[in-house]
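Here is a short briefing on one protein model. Keep the sequence and the 3D view open as you read.

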Amino acid sequence: MSDAHREALLRAALEMAGRGIPVFPLWPGTKIAVWHRPDRCPRTGACVEGHVTPEDLATLDPDRIRWRWGDRPWNVGVFPGPAGRIVVDCDQPKTGTGPDGWDQLQTLAVERGGPLPDTWTVTTPSGGRHLWFRVPPGCRLRGTVKHIAPHVDTRCWGTYALAPGCVFEGGAYELFDDASEAEFPGWLIQANVEHASTAISGSGDKPVKAPDAFAAAAVRGETDRVRREPKGQRNKVLSTAAYALGQLVGAHVLDEHLARTELQAAVAAWNTPESRVKDHGVIETSLAAGARNPRRITGKAA
Ligand SMILES: [Zn+2]
């Protein structure tokens with residue numbers, strides 16, 4: 001990636017900080033936080049007084065942002081919760097058929113008497129969209145996965161989101177509607193919190209966390225292998241990689257949504273319209289199979 005990419009990502013980070021949303025770096029071209037797990041903490045630098053998390057380190061300070069984004073084209077991670085924001089993440093169905101998250105959200109708005117106000121909106125490379133809202137004072141909402149609807153997640157406390165301008169092999173997050181951020185409607189607050197204890201079933205429903213360095217290295221290793229694979233063995237390499245990452249999902253050290261999107265990004269270069277559905281099917285089947293046979297993790301900090 002060029003210097004122009006780095007400059008554009010620096011501007012994206014400054015723009016989010018200017019909106020009052022703290023930012024932190026993600027590895028270039030990925031959604032993976034630049035950080036280490038607690039039990040591998042070097043107790044130096046930012047951690048000299050004790051281990052700190054990306055959430056602790058996220059910043060609004062323009063000077064720190066200029067320094068950080070001065071060397072590499074880091075993607076821009078943001079924490080909506082502490083900034084009083086929530087992001088509604090509407091995804092495409094993995095199978096390529098059926099209503100997508102945006103359709104499901106509009107249907108839900110009708111069922112619940114809406115409204116679904118115009119708000120600041122970002123599009124994703126996979127054809128999804130992120131709707132940004134302000135959380136009413138006094139509400140502290142958790143991020144959710146497949147909770148509001150099958151293809152609708154939320155990013156708030158305990159989860160991070162990506163800023164418009166983030167770049168991936170398959171495309172970029174782009175500002176789609178520069179409307180001002182609307183207040184999160186009451187019916188969506190209700191949908192976000194209701195049945196929170198019963199609706200959560202299995203690791204895939206846990207909110208996205210920053211993967212620790214071990215899981216992040218596994219994601220990089222597996223997706224690199226997939227990217228490098230020439231025609232011929234692709235199916236086998238993809239299913240092996242997805243199974244391995246599924247085992248980490250099953251062991252609760254890797255977020256399912258992140259594993260899926262990284263694998264989809266890795267095969268994006270191979271994809272034709274026909275192969276996309278097939279490749280995504282291989283990812284789903286193998287991720288699920290791996291998750292049913294979780295990897296045993298030793299020495300994992302709580
Ligand atoms: Zn540390």
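P25 is buried, because its relative accessibility is 10% and buried means under 20% relative accessible area, exposed over 50%, and partly exposed in between (1.4 Å probe, protein chains only). The model is predicted, so local features need pLDDT of at least 70 and side-chain atom pairs count only at pLDDT 80 or more, while totals for chains, interfaces and linings use all residues. Residues are numbered from 1 along each chain as its sequence is written, and side-chain values use heavy atoms, with hydrogens and water left out.

**Around P25**

- P25 lies in strand 1; helices (H or I, at least four residues) and strands (E, at least two) are DSSP runs, numbered from the N terminus.
- Leaving out residues up to four places away in sequence, P25 touches A33, V34, R68, W69, W74 and N75. Contact means heavy atoms within 4.5 Å.
- P25 and P73 are 48 residues apart along the chain, and their C-alpha atoms are separated by 9.1 Å.

**The zinc site**

- Which residues hold the protein donors of the zinc ion? They are H36 (NE2), C41 (SG), C47 (SG) and H51 (ND1), at 2.1 to 2.3 Å from the ion.
- Donors are N, O and S atoms within 2.8 Å of the metal (3.2 Å for Na, K and Ca); water is not among the atoms, so sites may look incomplete.
- The zinc site is tetrahedral, with angles of 102 to 121° among its four donor atoms. Four donors count as tetrahedral if all angles lie between 85 and 135 degrees.
- For comparison, the ideal angle for four tetrahedral donors is 109.5 degrees.
- Along the sequence, the donor residues follow the spacing H-x4-C-x5-C-x3-H.
- C41 and H51 are 10 residues apart, and both sit in the loop between strand 1 (23-26) and helix 2 (54-57).
- C41 counts as buried because its relative accessibility is 15%. H51 counts as partly exposed because its value is 26%.

**Two packed helices**

- Two packed helices are described by the angle between their axes and the distance between the axes.
- Helix 7 (residues 213-228) packs with helix 8 (residues 234-250) at an angle of about 170°, and their axes are 9 Å apart. Axes are lines fitted to C-alpha atoms, for helices over the stretch in contact, and angles run from 0 to 180 degrees between N-to-C directions.
- That angle is why helix 7 is roughly antiparallel to helix 8; the term covers angles over 145 degrees.
- On the helix 7 side, the contact holds F214, A218, V219, E222, R225 and V226. On the helix 8 side, it holds V237, L238, A241, A244, L245 and L248.
- These contact residues divide into 10 nonpolar, no polar and two charged. Ala, Val, Leu, Ile, Met, Phe, Trp, Tyr, Cys and Pro count as nonpolar, Asp, Glu, Lys and Arg as charged, and the others, Gly among them, as polar.

**Backbone features**

- A cis peptide bond joins G114 and P115, with omega about -5°. P115 is in the loop between helix 4 and strand 4 (121-123).
- R43 is not a glycine, yet its phi is positive, at about 55°. R43 is in the loop between strand 1 and helix 2. R43 counts as partly exposed because its relative accessibility is 45%.
- K146 is also a residue other than glycine with a positive phi, near 55°. K146 lies in strand 6 (residues 144-149). K146 is partly exposed, with a relative accessible area of 37%.

**Other buried residues**

- Is Q104 buried or exposed? Q104 is buried, because its relative accessible area is 14%. Q104 sits in helix 4 (residues 101-111). Setting aside neighbours within four places in sequence, Q104 is in contact with P99, A149, P150, H151 and V152.
- Y160 is buried, with a relative accessible area of 4%. Y160 is in the loop between strand 7 (152-155) and strand 8 (161-162). Y160 and G77 are 83 residues apart along the chain, with 6.5 Å between their C-alpha atoms.
- H280 counts as buried at 5% relative accessibility. H280 lies in helix 10 (residues 273-291). H280 and G158 are 122 residues apart in sequence and 28 Å apart in space, C-alpha to C-alpha.

How values were computed
Tetrahedral: all angles 85-135°; square planar, octahedral: opposite > 155°, others 65-115°. Parallel < 35°, antiparallel > 145°, perpendicular 65-115°, else oblique.
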